[in-house]
Amino acid sequence: RVSYDFTGGTYWLTDVVSLSEGLHIVDRNLNLLRCIGVQVKHITPKLQVWPNKVEDAKKYFKEKGYKKVVIIHPVASQKKKFWMPERFAHIIDFLQNEGFTPVLVCGPKDNDFIYKIKDKCEFKPDVLAVSLKDLPGYLSCCEFFIGVDSGIAHMAAALGKNAVVLFGPFLPLLTAPRGDGNIQVIIKGEFECRPCSGDLCKYNNNSCMEAIEIEDIKNVVHKMKVSN
């Protein structure tokens, strides 16, 4: 029984592995294997998608007349990771003017925030409400992904997509998405409370997310557009 001892579980373990500070969670997990003699190299997460799921997504975008789709996932399980809806709306309008088709994706519990964004947009984007098992097919067909620090960002990265990921409460050094695409993490400011340990921002202002400016996203998108 081999593991790290984060919370006093030494009693249950036969071997306790020491943890190096600043180790990404992927490397942290692989390190456990190395400690029991398994030879592993650096691994980039890769997600495979059933071909029929990709074809369904292509068909959907084609029927809608969408080209150069940018999928935007602006929500996460913790509201302290949310960016302001009016700023997302500005980015959506900016993408439209740059010749892209922005598409919002959301789960069943995200509708209120998603429609706050849509209401503030000059160009009203499509809202794609698909199941988690179908979402990889749609992500596979997009030009690139924009979102906050969430599992969906990791999914896009593991599919090899270019991605812009907004970080606030947590450290990308430890949990940034990894993949074969061009992954741009945006994190701004210095905050003594980062990484955050609470369910909500203790200052009730999500200041670490507010520190990210609209121009930060625009600059990264311009670079991606050139590289493509």
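How many disulfides does a search of the whole structure find? The search returns zero. The model examined is a predicted one.

C106 takes part in no disulfide. Its nearest cysteine sulfur belongs to C121, 13 Å away. Seen from C121, the closest cysteine sulfur is likewise that of C106. A disulfide is a covalent bond between the sulfur atoms of two cysteines. The sulfur of C121 lies 13 Å from that of C106, so the pair is too far apart for a bond. The cut-off for a disulfide is 2.5 Å between the sulfur atoms. Both cysteines are shielded from solvent probes in the calculation: C106 is buried, with a relative accessible area of 7%, and C121 is buried at 4% relative accessibility.

Attention turns to the nonpolar cores. In soluble globular proteins, nonpolar side chains tend to be buried together. Here the largest nonpolar core comprises 35 residues. W83, L95, I146, L166 and I217 have the most contacts inside this core. Helices and strands both supply it: β3 (69-73), α3 (85-97), α4 (111-119), β6 (144-148), β7 (162-166), α8 (207-210) and α9 (214-227) each give two or more residues. The largest share, six residues, comes from α3.

Another core, of 21 residues, lies apart from the largest one. Its members include F61, I71, C142 and F167.

Note on methods
Residues numbered from 1 in each chain as written. Predicted model: local features only at pLDDT ≥ 70, side-chain atom pairs only at ≥ 80, totals over all residues. Heavy atoms only, no water. Core = buried A, V, L, I, M, F, W, Y, C linked by side-chain atoms within 4.5 Å. Buried < 20%, exposed > 50% of the residue type's maximum accessible area, 1.4 Å probe, protein only. Helix = DSSP H or I, 4+ residues; strand = E, 2+ residues; numbered from the N terminus.
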